[in-house]
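This report covers aromatic contacts and the surroundings of the rings involved. The sequence and structure come before the details.

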Amino acid sequence: MDNSKKKIRPIIIERKSKRVHETYPETTETEDENVDELDPITAENVEETDPVTKQSKDNKESSYRSTLGSSLNEIDLFRERIGEDVLIVLEASQLNILGQVFRPIFTGRIVEVTVGSILLEDVIIKMPNAPFFQFPTPLSFPIQKVVGMTRFDPTTRIPIL
Amino acid sequence: MSNYELSKIPYDWRIEAIAEEFTRYIGNRAFILVPQFPFMYIGVILDVVGSEIIMDVERTQIEQLENRIWQINIDTMQVFYIERGDGWPTIPEF
């Protein structure tokens, strides 16, 4: 198990496969599972970043894993949500796909968190005329553009003003 | 004022990390949404220079702006997806 974790590419902190999530459909159970699984992983990452930051900055890729600076610790907030359904709101007032204008409100399951961005799977774009439009690919969101995030049941209907 | 200085440090790291992600997948197709005109880019990543992505864009909002080289700033991107192969979904033809 330790070996498999070390093979993960440096920029990807954790990716939870779809199947793991599907085997525990009840939300209460998944929360417990996630907490149990994530604790050792975060602990391991912290251990690994310690020697990395002591090294010279020659190894460019490894430097992105550093979570030692207090300014970067907010990615831990995203990391502990991996595998959960969330709703996120972006900075832009509106976005546009081929003439369809919509407010940047998305729901999806977090599968990957890097220093720069978070990757959501099964993304639903809250289009005004199609509130459950599921985008065909996963989507990444630059963390700097995410103004709000909350845990969210994707089947909930919300008014989009 | 001082808050601005502090917030600038991680911000550059984030842009660098996203640039690194694009650099890793040079040659793959990518999908980018920006809030400004022309709103959407789909195309092949050719290069990444600092915080600019050089992209051979095959699809945007406007036909006249397609099939040319675009230079897109990472800073203004709101949403993106890069094809990875390896069982990950591909970007459909819109």
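The model is a predicted one. A:F106 likewise has 0% relative accessibility and counts as buried.

Over all chains, the structure holds seven aromatic pairs. One of them joins A:F106 and A:F141: the ring centres are 4.9 Å apart and the planes stand at 55 degrees, so this pair is tilted. An angle over 60 degrees would have counted as edge-to-face. A:F106 belongs to strand 4 (residues 105–113) of chain A and A:F141 to strand 7 (residues 139–142) of chain A, so the contact ties together parts that are 35 residues apart in sequence.

## A tilted pair in chain B

The rings of B:F22 and B:F80 also form a tilted pair, because their planes are at 45 degrees, with the centres 5.2 Å apart. This pair links distant parts of the chain, 58 residues apart: B:F22 is in helix 1 (residues 2–24) of chain B, and B:F80 is in strand 5 (residues 79–82) of chain B.

B:F22 is buried, its relative accessible area being 0%. For B:F80, the relative accessibility is 0%, so this residue counts as buried.

## A charge over a ring

Chain B also has a contact between an arginine and a tryptophan. B:R84 lies over the face of B:W88, and the distance to the ring centre is 4.4 Å.

Methods: Residues numbered from 1 in each chain as written. Chains lettered and ligands numbered in written order. Predicted model: local features only at pLDDT ≥ 70, side-chain atom pairs only at ≥ 80, totals over all residues. Heavy atoms only, no water. Phe/Tyr/Trp six-rings, centres within 6.5 Å; stacked < 30°, edge-to-face > 60°. Helix = DSSP H or I, 4+ residues; strand = E, 2+ residues; numbered from the N terminus. Buried < 20%, exposed > 50% of the residue type's maximum accessible area, 1.4 Å probe, protein only. Lys NZ or Arg CZ within 6 Å of the ring centre and 35° of its normal.
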